[in-house]
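Here's a quick look at how two chains meet in a model. Have the structure open and follow along.

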Amino acid sequence: MIELHNVSKVYPNNTKGLNNINLRFDKGEFVAVVGLSGAGKSTLLRSINRLHDISEGEILIEGKSITAAKGKALRLIRRDIGMIFQSFNLVKRSSVLRNVLAGRVGYHSTLRTLLGRFPKSDIELAFEALERVNISEKAYTRADQLSGGQQQRVAIARVLAQEAKIILADEPVASLDPLTTKQVMDDLKRINSELGITMIVNLHFIDLAREYATRIVGLRAGEVVFDGPVSEATDERFAEIYGRPIQQDELLGEVTTA
Amino acid sequence: MMKNGTTVIRKPRKNPYRWLIYIALVLLYVWAFSGVPFTGFKETAGQIMRSIVAGIFSPDWNYVYLPEGEDLLRGLMDTLAISILGTVISAVICIPFAFWAARNISRFRFISGSGKMVLSFIRTFPEIIMALLFIKAVGPGSFAGVLALGLNSIGMLGKLYADEVEAIDPGPSEALMASGANRLQQLWYAVVPQVLPGFLNYTLYRFEINVRSATILGVIGAGGIGTPLIFALSTRNWPRVGIILLGIIVMITIIDLISGYIRKKLV
Amino acid sequence: MKTPLPTSAKSAIHPSKPPTRMKHGLTAVIILVLIWASAVQTEASFSKLVIGLPNMLDLLRDMFPPRWSYFKNITNGMLETIRMALIGTTIGGLLAIPVAVLCAGNLMPSRWIYFPARFVLNLVRTIPDLLLAALFVAVFGLGPVPGILALAVFSVGLIAKLTYESLETIDKGPLEAMRSVGATGTQLIIFGVVPQVAAQFTSYVLYCFEINVRAAAILGLVGAGGIGLYYEATLGFLEYDKTSVIILFTLAIVLVIDYVSMKLREKLL
């Protein structure tokens, strides 16, 4: 469970990233966060695992405050929160397997990870994760030889190997073509339903949000302007979130229904 | 031409100070050439030149290997050893310097700026002068050469390493941080794999330079093939000069080939 | 698609084994042996360094404060150094132009020309400048002329190498256009090639000048003129406070020239 209490974020140049946000995400939810670019979607996500520090308020993960956590305690909380990025953030020159194993380093002593001695169980876990996203045959390939969709699936496998209880996905499909977009979203949905991992996904395409999420949070200028089930997220409500009617480039199109 | 047209296309005016620059250049060259005494060549120049060329084409093959030592092979080996050790020392020492000087690692600009300044200060120091200083410390010989190359190469390698560190993608570090990795783990799993091939590439490049430098360190007594070469030159032993030159050219060519091959595979 | 694969199928899908650790291990062993052998050969010892360090500190202490009055004795040497670098770079730069053209694979009709040309260029580039200077001193006697020649030869090697590499990356379009209007080989180079590489070439010449100023400052060690002559004079008489003046003066000049040259190169590109 994730709770945000009165969370605000002011950037050094005095622009407001987030403004007094109160949200609660329960275990197993699939939440889509929508809004215009610059509405604070990314800031919200990065505040949850404290890649960004917030200026005011408090964020609790499973009852523990990540806002107050320091050092080891902070790293332990982060270990339970996986993150998926728009640009995949893989080490391109390393093998797929090594990239996935990098998700395990939080579980071991620094010395052990520097020597690269992962236990057998970790390697099995990594392979299981790769199989779950159907890419295990690429385990020893260098990451830069994979296509964008494959790289994102490796990034998902990394989060799975991390045994995260929550996954934050920041525009996970923004640099993918429509077909691979569907595959990656299917993977996320399956992980959500089969493993019960809480999923919070920033999305640009509103039809994707409607199709995959169970709940939609709409942000506008750093404030929550919509929070409810997909059934309530009508075109009119979206128009309110965006402050204007929906435009064609905010719809992915037919591929999702194929 | 201009009679019927109302629009006249003018040639764009060139920089009016252009001729000033030309005059300054001409004066510079007049100054430069007037100061050099081009007269007074040794009359023997042509003859010596011929002797050297003859020496290179009829080298003293016996010098390649002498049982009692002090031969070409041992001199070249010494040169090679100096450059290997010097390169390794600098490749290790310059790593902290590189991270110090990399803009994306330190929080404040003046920290990386000061690192860059230290590196460029080291770079401006000629290695042969450094060798002179180290000879005072550890006595003449190869070890002084090693230390001079080791210290001097830090300037250039540190700069190149820092450039490499500045070019890394911060994404993987962020991903590692998000998964609960500490600073050291982030460095090892996200930064090192990105910079390692570049580091190795630059190290080999510097090694190629260091082999060349090591051949001349002997001129001031810091070991290597330079010492017998200077000796052969001053005793006018041209066949020996020939074989030593040949040895240097062959060694450096082979090393360039090997190093170039490895570097091509790295990238 | 979602069902986990049976264990028997796993091994078929995994490309059998990870790449062996053998290769890495072997590389590490070779490198360690090389380092160890080099240390033995050069009689490197940490203790020698530690014992010797106080000597070096003494030396540094003797160097300070620098005897600034020595400055006026060496200004002529420094000017000569700059002259040598300037003339050497100019001669080298001019000679480098035809050499670079000969080495460029896209401008020469046959590999029978550019391969041998590159081979000779690479041979020239193996000989360090100080060594060239020592050779030329033996031929021509002491003074700045052998130094200039050494720098010129060195500059040809460096500038020609850099220039032919940029020649090979030029845009072919203008060349084809020139050919189609019936240009001769020389016209082709003047109108199709020169405008494309002129700025880069100038930048390489400036870069080479920077290197040559540093080189010219030490050529005196083998008697080839310039400020380097004064090192032996002062070190021989243990006048380290004078040596430090030479070093500081050289550093200052090098930094100034580097700065000016860098600014010029930034403007060019």
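## No salt bridges, some polar contacts

Let's start with charge pairing: between chain C and chain B there are zero salt bridges, taking a salt bridge as a side-chain nitrogen of Lys or Arg within 4 Å of a carboxyl oxygen of Asp or Glu. Polar contacts do turn up, with six residue pairs between chain C and chain B (both at pLDDT 80 or more). That term means a pair of N or O atoms within 3.5 Å; within protein, one must be able to donate a hydrogen and the other to accept it, and residues adjacent in sequence count only if both atoms are side-chain atoms.

This is a predicted model, where local features need pLDDT of at least 70, side-chain atom pairs count only at pLDDT 80 or more, and totals for chains, interfaces and linings use all residues. Residues are numbered from 1 along each chain as its sequence is written, chains are lettered from A and ligands numbered from 1 in the order in which they are written, and side-chain values use heavy atoms, with hydrogens and water left out.

## The contact surface

On the chain C side, 51 residues are in contact with 55 residues of chain B (heavy atoms within 4.5 Å). Together the two chains bury about 4800 Å², 81% of it on carbon and sulfur atoms; buried area is the accessible area (1.4 Å probe) that two parts lose on being put together, summed over both. Within chain C, the residues losing the most area to chain B are C:R83, C:T126 and C:V139, together 12% of what that side buries.
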